[in-house]
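Here is a short briefing to read beside the sequence and the 3D view. Take your time and find each part in the structure as you go.

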Amino acid sequence: MNDPTRDPLRDRLFAAACCLLAAACATNPATGRREFALMSEAQEIEVGRELDVEVQREMGVYDDRALQDYVDGLGQRLARESHRPNLPWQFTVVDVPAVNAFALPGGFIYVTRGILAYMDSEAQLAGVLGHEIGHVTARHAVQSYTRATGASLGLLFGGIFVPQVRPFGDLAQTGLGLLFLRYGRDDEIEADRLGAGYTAATGWNPAAVPAFLNTLSRITELSDRRGVPNWLSTHPQAEDRVERVQETVARLNTESPGRRWEENRDPYLDRVNGVVFGDNPREGIVRGRAFLHPDMRFALEFPEGWEINNGKEQVVAKMPGQEVYMILQLVDRPEGRTIDAIAAANMRRIGLRETAGGATTINGLEAYLGVYQGRLNEIGDVTMRAAHIREGRSVYLLAGFAPPALYQAQEPGLSAAIRSFRTLSRGEAENIRPNRVALYTARAGDTWQSIAERRGAGIVPAATLAIMNGHAVDEQPRAGERLKIVVAE
Ligand SMILES: [Zn+2]
């Protein structure tokens, strides 16, 4: 007979309940508030590590060791002054053209190469990293995860399309969508305040935080960035926040009278000189409706007006406002010798049933073109037109699909896009070069307009140059001022 008080299962349940209680009622390290959170610090770090793998795979790490070390070094200095110095802090520049910065639970912080071009000093970079550190130390992301997902975190990592291969670069439909949860206004104001504090504690000028918020407001006014989640959509209300963080800056200045803060503009400009601006051809580039990949040497044209998302593992195009998609991806380890066999095995793996199909050529390339039906997770029943195309040693899957009721009307457009797949000539591929940040010293009489046309070959407009250099659009550069410009390679 067992002693009921010595039941090992009961002991384990009791221990688990204690853990839950401990996690459920934690003191927030940055704010001192007692609050409810489902995650312990160990879980928070674990979730961060898992999502970090996703971020690095989906967005890519920008290939510049010296720049990565610079950003990480700066971030580590700030993190040591933060309320949670012992987290496994990590600061990464991701290979993304959009202007963005974000944080994962556990201390994983990212800035895009796109945002680096718009910062105008080391102090501004410190301010942005400090702000993101503030989101982590105040556990805003943990709170958001708790609110958004409850216990269903596991679902975030599920595939939609092909179980073995990550589906759809569409951030909103994958785990990464959650990274772009909008924080609330109070969280933003708190992160600004914490960020300015960490920036000042490390010796950089905390006034860089409101200064860069002004730059972000100017970008919002100017841009209609197409559907790419950026810092402005995930960190709302920049104008409103400037006033609030000015109060913190004033307080920090009062607390350290006569303190000379570091701005470090010139060293920062030297660091970002040469950084890729806009699409990086090494990952393929979108030019209007065309997608071109100079390294893999192919091109195609999606239907006019579609949103194109160039993810790390697939390109996804979507018809605006409709559940009609096209997807392009490399077939992972094609099974079979003939293109017919490869297509059959791959579609079996995806779980769709062929209703018609045959071998063909597409612009001289061996292909198998079929029509398929079945069900895709989170999309539902679809009819799909899919081509498996052999290009050199690679096999691509290029497919368009829609709910069966919409398919007939879309079929001509999907077919035309599939038929546009072609090899890029060596000459065409070599002509696709990235644009890069370069430095230029303004001369007397220079205007943003004249610099944009003469030095920058019109790649970015005058207003963008002004904003990149911390100026209002109607405020001209001073003679002798060192400026960031954008040039073709
Ligand atoms: Zn924020």
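Asn100 sits in the loop that links strand S3 (90-94) to strand S4 (101-104). Helices here are DSSP runs of H or I with at least four residues, strands are runs of E with at least two, and both are numbered from the N terminus. This is a predicted model, in which local features need pLDDT of at least 70 and side-chain atom pairs count only at pLDDT 80 or more, while totals for chains, interfaces and linings use all residues. Residues are numbered from 1 along each chain as its sequence is written, and side-chain values use heavy atoms, leaving out hydrogens and water.

**Around Asn100**
- Is Asn100 buried or exposed? Asn100 is buried, with a relative accessible area of 2%; buried means under 20%, exposed over 50%, and partly exposed in between, using a 1.4 Å probe and protein chains only.
- The C-alpha atoms of Asn100 and Leu116 are 9.1 Å apart, and the two residues are 16 residues apart along the chain.

**Helices H3 and H5**
- Two packed helices are described by the angle between their axes and the distance between the axes.
- Helix H3 (residues 65-80) and helix H5 (residues 122-137) have axes that come within 10 Å and cross at roughly 60°. These axes are lines fitted to C-alpha atoms over the stretch in contact, with angles from 0 to 180 degrees between N-to-C directions.
- H3 and H5 are therefore oblique to each other; angles under 35 degrees count as roughly parallel, over 145 as roughly antiparallel, 65 to 115 as roughly perpendicular, and the rest as oblique.
- On the H3 side, the residues in contact include Tyr70, Val71 and Leu74, and on the H5 side they include Leu125, Ala126 and Leu129. Contact means heavy atoms within 4.5 Å.
- The residues of this H3 and H5 contact are nine nonpolar, two polar and one charged. Ala, Val, Leu, Ile, Met, Phe, Trp, Tyr, Cys and Pro count as nonpolar, Asp, Glu, Lys and Arg as charged, and the others, Gly among them, as polar.

**Helices H5 and H8**
- H5 also packs with helix H8 (residues 208-222), at an angle of about 90° and with the axes 8 Å apart.
- H5 and H8 are therefore roughly perpendicular to each other.
- Ala123, Gln124, Gly127 and Val128 of H5 meet Ala208, Val209, Ala211 and Phe212 of H8.
- That contact of H5 with H8 has six nonpolar, two polar and no charged residues.

**The whole chain**
- The protein chain has 16 helices and 19 strands.
- Of its 489 residues, 53% are buried.
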